[in-house]
Amino acid sequence: MNKIIKILIASDFLIWTGWGLLAPIFAVFITERIIGGTLAVVGIAEFIFLASKSIFQLIFGDYLDIESSDKRNLRWILSGSLIFSLSALLYLNCRYPWQLYGIEFLMGVSSAMAYPSWYGLFIKHLDPRKKSFSISFHSAVTEGGTAIAAAIGGFVADYLGFPFLINIVVLTSLIGSILLIFLWQPIREIEQKERAESKVDVLPVLPIQAPETKPGILTIRKYGDPILRDHAKSIKEIDDNIRKLAQQMLITMYKNGGCGLAAPQVGKLVKLIVVDIGEGLIILANPKILKKSWRRVSAEEGCLSLPGITLKLRRPQKIEIEGFQINDGKRIKIKATGLLARALMHEIEHLDGILIIDKLTFWQKWAIRKKLKFLKEDTQKLLREKQRQKALREKAKIKTEKSVTAETQKSAAAETQKKSEIQSLRKDEIQKSESKALMKIEKPIEPPTKSI
Ligand code: ZN
């Protein structure tokens, strides 16, 4: 187990043990010390604590996922645990049920602050080879502590009284919270290491051979266009058409200031991506993710199909992918870290109809809901206009075809008439010549002059 996991478990052990002293006899504390403290008040107090904890931990957990950094998680656990521990001091002066309910609510909210951030850190730093053991160890230690505390708590309350017991609870729990400060150093070291590792580690990729035909800029499909949600098809043969498409995508990407583009974004449903984060160009057909690191990092991300929207997203820090080079059709593997890994994953997801907005937390979605709505409306308006123009063009085409047909028919009729005229003329002529011939024939044949 690493240092972070050890400190997290030790801190949890102390906090749970502290509370274990009071928890089993809490009902007695309420009925003895609170004015009007019935068993119903005990039930309501427990309800307020658990209900507020349940609701707020969902909200806080979702919020923490927006920008999950270890330092931020630590700040949240520390604040939550300290408020939680100190709240117990309020029990000393608690006399009425409404005061008790207030304390329970405060404790519910503060433990909701600590719970998701504690688990966020714990899961992230778990040794993948010792996952089950670490989880069991945490559970065994905290439950063991609570068990011992349960046995001692009753004695302390009996012989030394509730105020003394509450002071012990606060002290133990405070020590557990303060212990978390020791997480700062290892977390900082890991963050520094991650930053140093975030440089690109990529195998060389052959430069693209320009096809002879001159490529042009393509239109980038925006959010709201249904093609972005379709699945791209695998490329069966890398031919000049694919190379030309890659060239066009590159130019389109550069002209739009992007660092990656997938074929569906230009309306072509084929598995082709181009990526250039300034560390060399990558063009791949049929790319596939082979491995993802369990360590995740968050960073800002944008998408050419979602203009004006940048979001903090958590993604694996390292990946290994494979794909085919479009020059020679060779299969290559690429190991990427940091921004390159992020860009490659982003583009590969486009091929499956996945957009960055599918990975948002509730709060992130809430924050950009209006932008998305307007973007979708704009795109749909544009698509409708395109369809209208297409329909108009087709209508015009049909009209032209019709007029052409009418004219053809007209000219055909004229031709037929001409032909018939010619024919009748010819007939006349034939008749004339025939009659002439007849006349000729009918002319008495003179006997040929004999010549000897
Ligand atoms: Zn994108």
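Modeller: Ala, Val, Leu, Ile, Met, Phe, Trp, Tyr, Cys and Pro count as nonpolar, Asp, Glu, Lys and Arg as charged, and the others, Gly among them, as polar. This is a predicted model: local features need pLDDT of at least 70, side-chain atom pairs pLDDT 80 or more, while totals for chains, interfaces and linings use all residues. Residues are numbered from 1 along each chain as written, and side-chain values use heavy atoms, without hydrogens or water.

Colleague: By class, how many residues in the lining of the largest pocket are nonpolar?

Modeller: A pocket is an open set of 1 Å grid points where a 1.4 Å probe fits, with protein on both sides within 12 Å along at least five of seven lines; lining residues have an atom within 4 Å of a point. Here the lining has 29 residues. Five are charged and eight polar. The nonpolar count is 16.

Colleague: Which helix gives the largest share of that lining?

Modeller: Helices are DSSP runs of H or I, at least four residues; strands are E, at least two. H1 (3–22), H3 (39–66), H4 (70–87), H5 (97–125) and H6 (131–160) each supply at least two lining residues. The largest share, seven residues, comes from H5.

Colleague: What is the spacing of the zinc donor residues in sequence?

Modeller: Donors are N, O and S atoms within 2.8 Å of the metal. Cys 303 (SG), His 346 (NE2) and His 350 (NE2) lie 2.0 to 2.2 Å from the zinc ion. Their spacing is C-x42-H-x3-H.

Colleague: How many residues apart in sequence are the parts tied by Cys 303 and His 350?

Modeller: Cys 303 sits in the loop between strands S4 (296–302) and S5 (310–316). His 350 belongs to helix H10 (338–350), so the pair joins parts whose separation is 47 residues.

Colleague: Is His 350 buried or exposed?

Modeller: Buried means under 20% relative accessible area, exposed over 50%. Cys 303 has 9%. His 350 has 1%, so His 350 counts as buried.

Methods
Donors are N, O and S atoms within 2.8 Å of the metal (3.2 Å for Na, K and Ca); water is not among the atoms, so sites may look incomplete. Buried means under 20% relative accessible area, exposed over 50%, partly exposed in between (1.4 Å probe, protein chains only).
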